[in-house]
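Please open the model in your viewer and keep the selection tool at hand. The tour below goes from one selection to the next and says what is found at each stop.

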Amino acid sequence: MEIHRSFRFHFCVSVILLLSIHHASSFYLPGVAPEDFTKGDLLKVKVNKLTSTKTQLPYSYYSIPYCSPESIVDNAENLGEVLRGDRIENSPYVFKMRVPEMCNIICRKTLDGKSTKEFKEKISDEYRVNMILDNLPLVVPTRRLDQESAIMYQHGYLVGLKGKYSGSKEEKHFIHNHLQFTVKYHKDPATDLSRIVGFEVKPFSVKHEYEGEWNEKTRLTTCDPHAKRTVSSSDSPQEVEENKEIIFTYDVEFQESDIKWASRWDTYLLMADDQIHWFSIVNSLMIVLFLSGMVAMIMLRTLYRDISKYNQLETQEEAQEETGWKLVHGDVFRPPTNSDLLCVYVGTGVQFFGMILVTMMFAVLGFLSPSNRGGLMTAMLLLWVFMGLFAGYAAARLYKMFKGAEWKKLTLKTAFMFPAIVFAIFFVLNALIWGEKSSGAVPFGTMFALVFLWFGISVPLVFVGSYIGFKKPAIEDPVKTNKIPRQIPEQAWYMNPTFSVLIGGILPFGAVFIELFFILTSIWLNQFYYIFGFLFIVFIILVVTCAEITIVLCYFQLCSEDYLWWWRSYLTSGSSALYLFLYATFYFFTKLEITKPVSGVLYFGYMIIVSYAFFVLTGTIGFYACFWFTRLIYSSVKID
């Protein structure tokens, strides 16, 4: 999931301009080079996993009895592909470049009871078959309901359909056994070489017929290439029943296209609702401007009041208002309870921040395009591991400021706490997927690789960062801390910690929830997500919103003479993760059609991991913003 964690303040604004938002889609990862084909060259189609939005459990193509080549060969896959459940294998479909074919017979099968059951289950669960040609995924073009002229592309074709036929009262299962492929190519007029720029299919269910005994030279009467008769004229679908014969066939058509190879993904990635994304950003910017105005007022008033005090110009009311946060100067930097746990969470948040920021930079510049399958997840995992250096450093620096001495114990907590919780949830979910015999189950070798990345690289880097951080001089507080803690006066109801924390999470969530819809759709409904330009802008807005709402509420808290701001600053912006999880629950019941209990457990299990990561990330942003704010205001005033 892969999905996003890490932020570092002010990254070149020029990158945002460079985005040109969604047009970044034609920028590619170096190494994904175009391949030229001459007329008659062999084009080998590869098959990928079967996917369903109803079950969220992928299966390998040959888990059901489709036609197979003489020997099935697995493609080498990267870490991200394996974690996504991709299983790329060779197929019996072989084309010749720019040589159209009609009614090619792949194989004939007679279904037994087990095969019939497997096909029926996959059809009922609306599984789709995914294929790849020249690194392009197979898509089914469909017309949008709201705009007939606009075409949408769906990943893969359905295994079959379920419905009533010929006045039958009961629903029957029909398999798509004839495929009409369309391969689009861009031709170089000078060299006569061609490059593949599109791979589309129209599936049909056809009960093929033939005369005489079946042999290698049998000609189908339902699909005769000599008579130019296609299956589209057939009105007799192929039913899935035990002991029934199914003949699998395909056509191939080649279409010349003006689309160039560098832009071939643009068609797949076109978003028809850019206006919604712009609305989301404008809405989020309004929130940011409002909060920025409040922060500016607070900062100006705070500093202005301080100056006016020394000029002896303040009124009695101003003096009373001012004394609130100044009265707690002797306690505001007192170490909090469970300070070591706070250090661990802050260090982990910094690790996320670094990972997401660098991932965003690569994605925006086009290095993690969909043409590099699994690249995004692989990059996030590796960056998470290497950012352990910054996690250890940040945790140790804060720990030393709190006058902690057991830095090795703190380092172990930082290296193990968050990853262990996530790994435990992931292990349980993987066991459930394995129990369903899904290709989404992570193999033992990959699990070992993940553990090696954690223990072999991440943990040592956390120790290195922690050692460097602890050797640095401790951060000095701007004011001295009293030995005896000051009593906190009774607080107004709206300054109750629980209430203010829950209120604090609403605005950061409000800044990102529209974009969150598209992210969830891409993850759970198998749609392309490649508008990283929008996502990067929303990400920056999230960082600013978390920082500003925490500063505003921290100021109000200090004015109420409540100096316990350490944990509250973390929880204020971190509480947006609660709203994220509630929205994910709402999305589950309104947008998804998941029926299996295992699939529901998987959804909520993964969303708990995402929400927990979001909590750590946003909480750290809020904490550092409040940390900077308190040090600034208390260092700018003279305490008598």
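This is a predicted model: local features need pLDDT of at least 70, side-chain atom pairs count only at pLDDT 80 or more; totals for chains, interfaces and linings use all residues.

Residues are numbered from 1 along each chain as its sequence is written, and side-chain values use heavy atoms, with hydrogens and water left out.

Select residues 113-124, helix α3 (helices are DSSP runs of H or I, at least four residues, and strands runs of E, at least two, numbered from the N terminus). Its end C-alpha atoms lie 16 Å apart, which agrees with the 16 Å that twelve residues should span at 1.5 Å a residue (the expected span is 1.5 Å times one less than the number of residues).

Next, colour Ser115, Thr116, Phe119, Lys122 and Ile123, the buried residues of α3 (buried means under 20% relative accessible area, exposed over 50%, partly exposed in between, with a 1.4 Å probe and protein chains only). Seen down the axis, these buried residues fall within an arc of 135 degrees, so they line one face of the helix (the arc is that of the directions from the helix axis to the C-beta atoms). On the other side of α3, Lys114 and Lys117 are exposed.

Just after α3, stop at glutamate 126, whose phi is positive, at about 55 degrees.

Now move to glutamine 56, in the loop between β1 and α2 (79-84); this residue is not a glycine, yet has a positive phi of about 60 degrees. Glutamine 56 counts as buried, because its relative accessibility is 15%.

Finally, select lysine 403, in the loop between α9 (388-401) and α10 (407-435), where phi is near 65 degrees. Lysine 403 counts as exposed, because its relative accessibility is 71%.
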